[in-house]
Amino acid sequence: LFIDDDAEWETSTTARHVLDLLQSAPDIGAVALRSIRPETGETIVEELPHPDKVWLQSVTGPVEVPYFYGVAHALRASAVQRAGLYPERYFYAMEEYDLSLRLYDVGYRIVYDSSLAVIHHHAQAGRPVIGTRYWVNNARNKMRVGWRLLPLRYALSISLVWGARVLQKTRSPQALWSTYRSLWTEREILRRERSPIQFATIKRLRAIGARLVY
């Protein structure tokens with residue numbers, strides 16, 4: 001059971017209910033939580049674990065989602081033993097997405113329940129990843145996921161779309177070059193790590209609304 005240092009459980013029983021949900025079915029590999037703002041209690045929409053965030057806001061019970069965010073979540077130990085640990089070189093961003101794909105590929109699912117929430121304060125102390133560095137890190141790690149775990153067409157589309165995103169957000173050709181150069185320098189590592197998820201896993205992810213193209 002994990003929670004960031006700038007988050008707190010919404011209630012004194014939230015953690016217990018998270019574990020109850022995890023233990024309710026043996027194929028639940030992870031539980032994703034809802035993040036709320038400390039000032040208003042409103043849902044932090046950008047931290048909802050689904051591409052269709054409008055739809056997920058309308059769901060009232062437990063539902064399967066394609067990934068989870070690191071701010072607060074639960075992992076089944078036996079699932080992680082099968083899927084593998086977090087990729088250690090993913091400094092800031094996308095390590096949860098990487099693990100989510102691998103959990104699905106070994107037969108587990110990720111469940112989100114809107115009644116389980118944490119208050120996310122978004123403290124900046126100790127979190128210097130901002131500005132250009134933020135976008136480079138996000139893009140580089142998303143591309144790593146693509147080249148490690150997804151079929152070639154998705155790896156290519158992710159690299160193109162996220163490269164364009166870096167350029168759009170930073171207005172810096174140097175930032176774009178830095179993103180691609182760092183991947184090029186670890187091309188042999190990525191080649192050794194490459195293990196695309198099964199076609200059946202892709203079908204399953206698509207069925208729950210996952211977005212794999214970018």
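**Strand β3**

I started with how β3 pairs with β5 (residues 72-75): three bridges join the two strands, and they run antiparallel. A30 has L75 as its bridge partner in β5. I'm working from a predicted model here.

Next I looked at β6 (residues 109-120), which is linked to β3 by seven bridges and runs parallel to it. On that side I found V31 opposite V111. Then I checked how covered β3 (residues 28-36) is: nine of its nine residues are buried.

**Helices α5 and α6**

How do α5 (residues 131-149) and α6 (residues 152-170) pack? I read an angle of about 175°, with the axes 8 Å apart. Anything over 145 degrees counts as roughly antiparallel, so α5 is roughly antiparallel to α6.

I listed who meets whom: the α5 side includes W135, M143 and W147, and the α6 side includes L156, W162 and R165. Sorted by class, the contact has 11 nonpolar, six polar and three charged residues.

**Aromatic rings**

I counted four aromatic pairs. In one of them, Y92 and Y134, the ring centres are 6.0 Å apart and the planes sit at 65°, so I noted the pair as edge-to-face. Y92 is in the loop between α3 (77-83) and α4 (95-105) while Y134 is in α5, so the pair ties together parts that are 42 residues apart in sequence.

Last, I noted one aromatic cluster, formed by Y67, Y69 and Y97.

Technical notes
Residues numbered from 1 in each chain as written. Predicted model: local features only at pLDDT ≥ 70, side-chain atom pairs only at ≥ 80, totals over all residues. Heavy atoms only, no water. Axes fitted to C-alpha atoms, helices over the stretch in contact; angles between N-to-C directions. Helix = DSSP H or I, 4+ residues; strand = E, 2+ residues; numbered from the N terminus. Parallel < 35°, antiparallel > 145°, perpendicular 65-115°, else oblique. Contact = heavy atoms within 4.5 Å. Nonpolar A, V, L, I, M, F, W, Y, C, P; charged D, E, K, R; others polar. Buried < 20%, exposed > 50% of the residue type's maximum accessible area, 1.4 Å probe, protein only. Pairing = 2+ DSSP bridges. Phe/Tyr/Trp six-rings, centres within 6.5 Å; stacked < 30°, edge-to-face > 60°.
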